[in-house]
Amino acid sequence: MLTFGRQVYAVLAKDALIERRTKDAVSAMLVFSLLVLVTFNFALDLRTEIMSAVGPGVLWTAVLLGSTLGLGRTFAIEREQGTLDGLLMAPLDRSALYVAKLLGNVGLMAIVLLVSVPLFAVLFDVALNPGPLLIILALGTLGFAAVGTLFSAIASHTRAREVMLPVLLFPVIVPILIGVVQATGLALGSTTARDMPWLSLLLGFDAIYVSLGALTFGHALED
Amino acid sequence: MEAQSPSLALSQAIEPPGPDLDAPAALNASRIVRRYGGALALRGVDVVLRQGESVALFGPNGAGKTTLIRVLATLIRPTSGTLVVGGEDALRNASRARRLLGVVGHQTYLYGDLTPVENLRFYGRIYGIADLDARIDTVLRDVEMEHRADSPVRTLSRGMQQRVALARAILHQPLVLLLDEPDTGLDDDAQERLAALIRRWADLGGAVLFASHHIEWAARAADRAVVLREGRVASIVGPPIRDARDLFEAYRDGAGVLSRAVPAAC
């Protein structure tokens with residue numbers, strides 16, 4: 001367990017250091033998410049009465065599209081630099097690598113949400129219910145990152161890896177997308193987290209996706 | 001008897017004991033076959049690396065050198081065959097075998113945005129190396145890169161990157177070093193230092209297999225040589241290699257065994 005934790009920390013610290021220096025992923029994710037939000041703001045006339053129905057879709061579309069850029073870089077950058085082989089020939093537990101990359105992606109998505117959600121509230125004049133919303137954002141982010149991390153490894157084998165990731169990712173995350181949009185819609189009202197049935201769905205799919213990711217990740221990395 | 005990794009610091013001077021054919025096998029690969037779709041890249045290759053010896057791997061482009069090294073490095077699984085590293089079945093328990101392997105490939109496996117020290121620290125943490133900072137200082141001194149230890153790798157020349165890649169490969173004091181054209185990008189001085197490093201690694205009790213196209217250089221670093229052709233072992237030279245001309249002939253002919261007292265497997 002100590003080795004597992006040490007290896008997760010090593011990969012996470014390395015990725016964080018590189019991202020802090022280059023800001024490649026986070027800048028692309030942020031800019032793209034914000035552009036989508038601003039575009040929707042101009043394109044849609046969201047009156048208050050339809051806000052809870054349409055608003056969550058707008059928010060998660062922006063977050064998902066922006067995050068896909070970062071998720072796609074998870075392993076593409078390792079493969080392009082030739083460092084993936086260095087990781088694979090090291091005595092690095094494949095599950096530890098998955099968990100480290102997953103946590104890194106959750107962190108990147110959290111930064112995007114930290115900026116996007118307040119901007120969404122301002123642009124669309126929405127009153128947020130922070131308690132339930134935080135839980136929903138956390139569960140949604142974990143689910144997207146769990147699938148995205150696994151599929152980023154699979155897509156990195158392909159030549160058109162940047163194109164392949166959304167093609168692989170979007171059909172599989174439909175249950176999470178539905179859950180998170182519905183739950184966010186309820187959170188925009190005055191509902192408490194305890195009353196939201198969609199949270200159970202999100203929790204269930206998160207558990208399934210994280211478990212599947214950790215178990216199958218080693219195979220996904222093999223040529 | 002379980003094989004032991006070289007435990008001395010590389011920079012320590014020792015007397016070269018020379019190759020010992022009775023030394024325990026550090027790596028034993030048997031009947032390795034690797035198929036890519038319909039194409040056979042390796043057609044039943046046997047390799048035995050004994051502790052204390054360095055072996056050069058030659059062959060024309062497409063002979064299977066890189067594929068063989070990638071199989072031995074556990075980067076790709078063979079279609080069939082067995083691989084034992086330091087007594088560990090590397091196909092069943094790859095993680096334990098990987099601790100005994102140090103690899104330099106066509107790529108450096110280094111992160112361009114990190115410095116040599118940061119790269120080595122990352123890999124050192126993965127390997128769980130004790131007293132890591134001291135070990136990093138030692139290997140950077142061994143490859144004479146301490147003066148650029150804090151420069152981002154992407155700012156280093158190809159030859160310097162190759163030296164840091166070598167430092168990464170020996171960081172955890174592996175029993176077996178697998179080097180795929182390690183002399184690429186190195187100037188004459190650096191090539192000589194690399195040859196000395198290979199010799200010393202073997203003298204310290206490790207085993208080294210390196211692929212190269214530079215026969216004269218390889219003759220100075222290797223105890224014996226294996227020539228691959230079309231995925232098969234075509235020739236074996238040594239031990240010892242008396243003259244680079246032996247290698248030229250074996251490479252050109254690609255047939256016949258020029259070995260003296262070589263075991264059944266190469």
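This is a predicted model: local features need pLDDT of at least 70, side-chain atom pairs count only at pLDDT 80 or more; totals for chains, interfaces and linings use all residues.
1. Sorted by class, the contact of H5(A) with H9(A) comprises 7 nonpolar, 3 polar and 1 charged residues.

2. As to geometry, helix H5 of chain A spans residues 94-123 and helix H9 of chain A spans residues 197-221. The axes of these helices are 8 Å apart, and the packing angle is about 105°. Angles of 65 to 115 degrees count as roughly perpendicular, and H5(A) and H9(A) are therefore roughly perpendicular to each other.

3. Chain B is divided into domain 1 (23-100 + 175-266) and domain 2 (110-173). The C-alpha centres of these two domains of chain B lie 25 Å apart. At their contact, 10 residues of domain 1 of chain B face 11 residues of domain 2 of chain B. Helix H6 (residues 188-203) of chain B supplies the largest share of the domain 1 side, with 3 residues. That side of domain 1 of chain B consists of 5 nonpolar, 2 polar and 3 charged residues.

4. The largest nonpolar core has 153 residues, and the members touching the most others are B:Ala167, B:Val176, B:Leu178, B:Val208 and B:Ala225. Both domain 1 and domain 2 of chain B contribute at least three residues each to this core.

5. Leaving aside residues up to four places away in sequence, the contacts of B:Ala225 include B:Val55, B:Ala56, B:Phe58, B:Ala218 and B:Val237. Also among them are B:Gly238, B:Ile241, B:Leu247 and B:Ala250.

Terms used. Residues are numbered from 1 along each chain as its sequence is written. Chains are lettered from A and ligands numbered from 1 in the order in which they are written. A nonpolar core is a set of buried Ala, Val, Leu, Ile, Met, Phe, Trp, Tyr and Cys residues joined through C-beta atoms within 7 Å. A residue is buried if 20 or more other C-beta atoms lie within 10 Å of its own, exposed if 12 or fewer, and partly exposed in between; C-beta atoms are placed from the backbone. Domain bounds come from an automatic or database domain assignment. Two residues are in contact if their C-beta atoms, placed from the backbone, lie within 7 Å. Helices (H or I, at least four residues) and strands (E, at least two) are DSSP runs, numbered from the N terminus. Ala, Val, Leu, Ile, Met, Phe, Trp, Tyr, Cys and Pro count as nonpolar, Asp, Glu, Lys and Arg as charged, and the others, Gly among them, as polar. Axes are lines fitted to C-alpha atoms, for helices over the stretch in contact, and angles run from 0 to 180 degrees between N-to-C directions. Angles under 35 degrees count as roughly parallel, over 145 as roughly antiparallel, 65 to 115 as roughly perpendicular and the rest as oblique.
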